[in-house]
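Please look over the sequence and the model shown below, and then follow the points by topic.

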Amino acid sequence: MFETIREDIYSVFDRDPAARSVLEIIFCYPGLHAVWFYRVAHWFWTRKLYFLGRLISHLGRFFTGIEIHPGAQIGKKFFIDHGMGVVIGETAEIGNNVTLYHGVTLGGVTWDKVKRHPTVEDNVVIGSGAKVLGPFTVGKGAKIGSNSVVIKEVPQNSSVVGIPGRVVMQEKPKIEEERPDLEHGKMPDPEAKAISCLFDQIRALENKVEELSGRLEKSEAAPAVKSPTRRSAAARPAVSRPSAKPAGTTTRARKTKKTEA
């Protein structure tokens, strides 16, 4: 037990540069107090003393503003920075070296008595105000940006932002480290990237229009080339055609032959 308390205290030193002394951490860090309240409440909960577990959990919520259900499973070196408004549900599972900021919710999306809260693996950082809702897994080394709403599984070593949360960057697996990376603010902005792509397409279209306009102006300015014309009908030599015989010529010739006979 004392080893666990020591790990909890020194995990604050590792992840909060504002911490100056052990006494300051013990008396002035509500995130640490909430974890200690949880560990006592969880001890009673696992021994089926559910009322005592919930009562201690409720006292911890009253004093710290952080609500951790005693049925949740939390690993070593769990750190809640500032902490106000954090909610962790009954079936949530949290690994080692996980960091949560204020306003984080690990919630469920069903009323059924099943696994309904997320599983957060080792070395995960969840930014302030983020909501992780559902019985899926947040992979090792993942980072969730502030105010994101995550409703589906998060791959390992990836960064998730937005509503709903989407993967915007995935890094190569890192060597296992004791100290997690807290640079969760250095994430790409997908909306800014999309707008930048639109501007690039608009510039390309403008260049294409200018090119086509220049070609059209050049073709209109070029002198017209005269095409060879046919000779007029008057210049052609007249073609003689046999004249048609009068209509009554044959009849008269037949009458003359009969008369002579």
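Leaving aside neighbours within four places in sequence, which residues is Ile 88 in contact with? With contact meaning heavy atoms within 4.5 Å, Ile 88 is in contact with Glu 67, Ile 68, His 69, Ala 72, Phe 78, Ile 94, Leu 100 and Leu 106. This is a predicted model, in which local features need pLDDT of at least 70 and side-chain atom pairs count only at pLDDT 80 or more, while totals for chains, interfaces and linings use all residues. Residues are numbered from 1 along each chain as its sequence is written, and side-chain values use heavy atoms, with hydrogens and water left out.

**Nonpolar cores**

- A nonpolar core is a set of buried Ala, Val, Leu, Ile, Met, Phe, Trp, Tyr and Cys residues joined through side-chain atoms within 4.5 Å, where buried means under 20% relative accessible area with a 1.4 Å probe and protein chains only.
- The largest nonpolar core has 29 residues, and those with the most contacts inside it are Phe 78, Ile 88, Leu 100, Leu 106 and Ile 126.
- Helix α3 gives this core its largest share, 3 residues.
- Another core, of 7 residues, lies apart from it and includes Val 12, Ala 19, Leu 32 and Phe 79.

**Helix α3**

- Helices here are DSSP runs of H or I with at least four residues, and strands are DSSP runs of E with at least two, numbered from the N terminus.
- Helix α3 covers residues 30-46, and its 17 residues reach 24 Å from the first C-alpha to the last, close to the 24 Å expected at 1.5 Å a residue, a span taken as 1.5 Å times one less than the number of residues.
- The buried residues of α3, among them Leu 32, Tyr 38 and Trp 45, pack against α1, α2, α4, β1, β2 and β3.
- After α3 comes Lys 48, whose phi is positive, near 65°.

**Arg 116**

- Arg 116 sits in the loop between β7 (105-107) and β8 (119-120), and it is buried, with a relative accessible area of 18%.
- The side chain of Arg 116 makes a polar contact with the side chain of Glu 90 at 2.9 Å, a polar contact being a pair of N or O atoms within 3.5 Å, of which, within protein, one must be able to donate a hydrogen and the other to accept it, and residues adjacent in sequence count only if both atoms are side-chain atoms.

**The sheet**

- An open sheet of 6 strands has the order β3-β6-β9-β12-β14-β15, with mixed pairing, where two strands pair if DSSP finds at least two bridges between them.
- Strands β9 and β12 run parallel and are joined by 2 bridges, and Ile 126 has Ile 144 in β12 as its bridge partner.

Technical notes. Buried < 20%, exposed > 50% of the residue type's maximum accessible area, 1.4 Å probe, protein only.
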